[in-house]
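Visitor: I'd like to learn how to read a structure like this one. Could you walk me through some of its features?

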Amino acid sequence: GVTAALTGLSESLAKRSERKHQSAFVISKHHAGYFPGAEMMTLKLVFDPEDGRSLGSQVVGGAGADKRIDVIATAMHFGGTVRDLAGLDLAYAPPFGSAKDPIHLAAFVACNELDGIVRFCPYDTPLDGKQVVDVRTEGEVARAPLAGVDTPINIPVDQLRDRIDELDNQKETVVSCGVGLRGHIAARILKQNGFDVVNLTGGATVRNRAWSS
């Protein structure tokens, strides 16, 4: 009942080819969420960490998965970068797409990495010995604990500024949320307060999927 689509290099092929690469994950709806029928999709964008060139993409979801791969494949054909994808003026109407398409969101994530705004760590990174801060609500954490972490520190992102003294700014810190958005906000807050921090790409959703498989 889902569609899987891809173009270009996957992460595993890039590794086997010894090709430098980074990946950006987003989990988003295929059109405006307030319009009926929006379906979730997971999009991974593989790119060159030096020049931002788009190397490949994979999408799993329902409606619109093929559309996103067609757009990225076209950009790759012409040597496009993640910055080109971030600036694309794609068709917009609530039944067909959001003003910020999943392609845009993935490209924004990649640009943030390239520009040093927020650093990311892969979803399967061993987190032993690191200060792991889960910024989801207590209810979310109870329903789906972050896989592979024995003692994460749970501080919801809305409380992070007020409770920042509960964290050690001398420790390497990893933040995680549901899909990465709140983790981005938390990473920015902690970085501005002197922390060495990375955001877990794809958040608990992607990590827990990988862990269970």
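Guide: Let's begin with one proline: Pro 156 touches Val 135, Arg 136, Thr 137 and Arg 163, with residues up to four places away in sequence not counted. Contact here means heavy atoms within 4.5 Å. This is a predicted model, in which local features need pLDDT of at least 70 and side-chain atom pairs count only at pLDDT 80 or more, while totals for chains, interfaces and linings use all residues. Residues are numbered from 1 along each chain as its sequence is written, and side-chain values use heavy atoms, leaving out hydrogens and water.

Visitor: Is Pro 156 buried or exposed?

Guide: The general idea is a cut-off on relative accessible area: buried is under 20%, exposed is over 50%, and partly exposed lies in between, using a 1.4 Å probe and protein chains only. Pro 156 has a relative accessible area of 13%, so it is buried. The loop that holds Pro 156 runs between E7 and E8. Helices (H or I, at least four residues) and strands (E, at least two) are DSSP runs, numbered from the N terminus.

Visitor: Where does Pro 145 lie?

Guide: Pro 145 is in the loop between helix H5 (138–143) and strand E7 (153–154). Its relative accessibility is 52%, so Pro 145 counts as exposed. Leaving aside neighbours within four places in sequence, Pro 145 is in contact with Arg 136 and Asn 208. Arg 136 is also among the residues that Pro 156 touches.

Visitor: What should I look at in Glu 18?

Guide: Look at the backbone: Glu 18 is not a glycine, yet its phi is positive, about 55 degrees. Glu 18 sits in the loop between helix H1 (11–16) and strand E2 (22–29). With 75% relative accessibility, Glu 18 counts as exposed.

Visitor: Which residues cover the two sides of strand E9?

Guide: In E9 (residues 197–200), Val 197 and Asn 199 lie on one side, with Val 198 and Leu 200 on the other. All four are buried, and both faces of the strand are covered.

Visitor: How many helices and strands does the whole protein have?

Guide: There are 7 helices and 9 strands. The radius of gyration is 17 Å, close to the 17 Å that the globule rule gives for 213 residues, so the protein is as compact as a globular protein of that length. That radius is taken over C-alpha atoms, and the rule is 2.2 Å times the number of residues to the power 0.38. The C-alpha trace spans about 50 × 40 × 35 Å along its principal axes.

Visitor: What share of the residues is buried?

Guide: Buried residues make up 47% of the 213. As for contacts with a separation of 6 or more, 62% are between residues 24 or more positions apart.
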